Amino acid sequence: LSDVVYLGEEGHSYQLSAKVSGFSAEAARGIPAFGPVNGALYLRGEQGSFHFSGVNARLSLPDVFPRHWDHQKVAGVMAFDHSERGLIVRGSKLQVGDSSQQIFGDLMLDLPRDSERLLHIELLANADHAALPGLMPSNLDSELSEFLIRTISQVDISGGRLSYSGPLGGNVDRTRRELSFTFPLVNYQFRPLLNWPAIKGKEGVVWFHNKRIGAALQSARLGPLKVGIVHASQAVADARTIFIDGNLMGSVSDALEVVKEAGIDLDAFEENVFIDGLLLGKVHLEIPIRGRPEGYIDLTAENLDVLVAGLKSPLSNVSGMARYTLNQGFRAENLQGMLGENTVIADVVVNDQQSSINAQSLLRTATLSQLAGIGFSEELLSGRALWSLNASKVGDRLYLSMETDGVGLISQLPIPLTKAEEVAGNIK
């Protein structure tokens, strides 16, 4: 203390003012700690205030944040009122900051002599990714905090709000501690699947209410794919599982780029199959904090063009629904498209064990001749028959086969290849 001024008379309340240098308060039983700071102290009887600031201080709120904030620039006012009941401390215009965060707020400490001690805090925060570990509150499970720090590789928080109210100390019922926060995001990268591209965006919000964390990420992208909005939340039944739901939109080539970035080998597929068009997708992921993620992407396609190596004509106007399941692969059933003037219905399976297309179509013989490169005129081969087509990948090679029972085909080829329309005859 220096420049101490004391005014008082015996039997009357006193007044005191002084300059304070190098003051520190150590944490005890959940009471916040801060310092060293300099400032001005004012006392009037049992009441007073301390206006303080510091340029390399520590702030510790052990009941709210498990990590200390070190090397901070701090400022604020602490007002206190002592009575027979106990001590009440109110912090106002509090500021804590460094190059990664700027935090403003108020707090109240209620420290009665003979009953439970309480802490109330209201904070506003602007922060970047470097400050994220220090903003993970104690109410979050430590493994969940580690998951968020690991999967959020970039973030900027603007105008975040945090509220805390609860009893102080270690030997209290922690379930009575109420904490909530809302952190608006203006820039983020979120990578819930380690080997997949990060979800990136410029607008979103993360919140913690009712002991569950959640997020809504808007105007995001997954690699080159557009993501309308992503919702993430803790499962109600299992707090250590994160649900992620969202919508995707983009070209097939963009989707294949994302899949390749995830480490899935598509070289043989891309060498033999070319697909052009737009995809829409709905994503549902279930990601354990510890464990293998599960989930699926439901895809909807309209008017795709598909060209398979070995076929002379492309499939056009391909439409339908498919599902990509994590750890299993891709499956589509009853896709519909056009092969020339002929409708084709196909099932597709792509996974680690197999890649296959099974299709059926009632083909005109002229279309088949063009498709297979057969040089017979309609005078020799005509009619229409139900054909089954199979395309499968074995190793790095693609095999194609076509088969029909022959009903509907007319052949004027020399005997024994001559055939009437109603006569069956397997052709492969």
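One aromatic cluster is made up of Phe-23, Phe-34, Phe-50 and Phe-52. Rings here are those of Phe, Tyr and Trp (its six-membered ring), paired if their centres lie within 6.5 Å; planes under 30 degrees apart count as stacked, over 60 as edge-to-face and the rest as tilted. Please keep in mind that this is a predicted model, where local features need pLDDT of at least 70, side-chain atom pairs count only at pLDDT 80 or more, and totals for chains, interfaces and linings use all residues. Residues are numbered from 1 along each chain as its sequence is written, and side-chain values use heavy atoms, with hydrogens and water left out.

| Pair | Centre to centre | Angle between planes | Class |
|---|---|---|---|
| Tyr-6 and Tyr-14 | 5.8 Å | 25 degrees | stacked |
| Phe-181 and Phe-183 | 4.4 Å | 15 degrees | stacked |

Both Phe-181 and Phe-183 are buried (under 20% relative accessible area; exposed is over 50%, partly exposed in between, with a 1.4 Å probe and protein chains only). Tyr-14, at 29% relative accessibility, is partly exposed.

Now to the core. Val-64 and Trp-69 have the most contacts inside the largest nonpolar core, which has 99 residues. Such a core is a set of buried Ala, Val, Leu, Ile, Met, Phe, Trp, Tyr and Cys residues joined through side-chain atoms within 4.5 Å.
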